[in-house]
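Here is a friendly briefing to read alongside the model. Keep the sequence and the structure open as you go through the topics below.

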Amino acid sequence: MTVPAGPGRPEPGDSPEERDPGLARERTSLSWTRTAISFAALGGVVLKDNVITGLIVLAVAPVIWQLGRVTRGRGPQADLPAVGATRLFIITVSIVAVSLLCLAIAIFGRAVPGALR
Amino acid sequence: MSWSRRLAALLPRTVAQDTGGTEPDPRFTFANERTFLAWSRTALALVVAGLGIVQLLPPFPGVPSGRHLIGLPLIALGAVLAVAAYAEWVHNQRALRRGEPLPRSVMPWILAATVTGIAVIAGVVLLISALK
């Protein structure tokens, strides 16, 4: 919050810490990557049981990764929140849709008895 | 406020039109977004766990629906947490814009209560199948 202001203060862009205070942008970008990987992991589990659904869930992973590209940009940060709501809304809708698919698989799908035995 | 108006206030278009207050420090915006993403991963992990229990575990002897009793609530909890995470992101962003204290989160309560319930179910299912 308190960036030292003074005559000796370097211009933004001089160091990573100046360009991205607290490396917040970097950490958020990594967080987006982890979320995309989580989708891929779920897709892998579903794939074992229901190939088509698994492929759908797997296809969501690169979409999520792409959504995170906004945080990877180097543009001005001021215009972020306007697009933020839509991106996060897409994630929520995806998770709810995937949960419903998984519920359907769990209820109607053919269980593999003793797959972990 | 009615439920439909509450839900309408969560739509991205409505959120984008919120110009009250001032734009918060980008670090706070990013931190709020990371919190949402972390809850999303928690939700996905719960769905994976639930699906894995139903589809991969061997059935409990004597309790034919035992796997469903444990797995289905986990999947449903994942969906609930995903929606709640988005709602809290909207409310936190709104509070950040206005410099208000952040609203208290109900998500830890939801998670703890449901996991406790599922643990009790799992214990009962195990006990019954062990006695058979």
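A residue counts as buried if 20 or more other C-beta atoms lie within 10 Å of its own, exposed if 12 or fewer, and partly exposed in between, with C-beta atoms placed from the backbone. By that rule, buried residues make up 33% of the 117 residues in chain A. This is a predicted model, in which local features need pLDDT of at least 70 and side-chain atom pairs count only at pLDDT 80 or more, while totals for chains, interfaces and linings use all residues. Residues are numbered from 1 along each chain as its sequence is written, and chains are lettered from A and ligands numbered from 1 in the order in which they are written.

**Chain A**
- Chain A has 5 helices and 0 strands; helices (H or I, at least four residues) and strands (E, at least two) are DSSP runs, numbered from the N terminus.
- Two residues are in contact if their C-beta atoms, placed from the backbone, lie within 7 Å.
- Of the contacts in chain A between residues at least 6 apart in sequence, 51% join residues at least 24 apart.

**Where the chains meet**
- Chain A brings 46 residues to the contact and chain B brings 42 residues.
- On the chain A side, helix H2 (24-47) and helix H5 (80-108) are the elements that give two or more residues, and H5(A) gives the most, with 18 residues.
- That side of chain A has 29 nonpolar, 12 polar and 5 charged residues; Ala, Val, Leu, Ile, Met, Phe, Trp, Tyr, Cys and Pro count as nonpolar, Asp, Glu, Lys and Arg as charged, and the others, Gly among them, as polar.

**Helix H4 of chain B**
- The 33 residues of H4(B) (residues 66-98) should span 48 Å at 1.5 Å a residue, and the end C-alpha atoms are 49 Å apart, which agrees; the expected span is 1.5 Å times one less than the number of residues.
- Gly99(B), with a positive phi near 70°, follows H4(B).

- A nonpolar core is a set of buried Ala, Val, Leu, Ile, Met, Phe, Trp, Tyr and Cys residues joined through C-beta atoms within 7 Å.
- In the largest nonpolar core, of 45 residues, Cys102(A), Ala43(B), Val47(B) and Leu51(B) touch the most other members.
- H4(B) gives the most to this core, with 12 residues.
- Leaving aside neighbours within four places in sequence, Ala43(B) is in contact with Ile95(A), Gly78(B), Leu81(B), Ala82(B) and Ala85(B).
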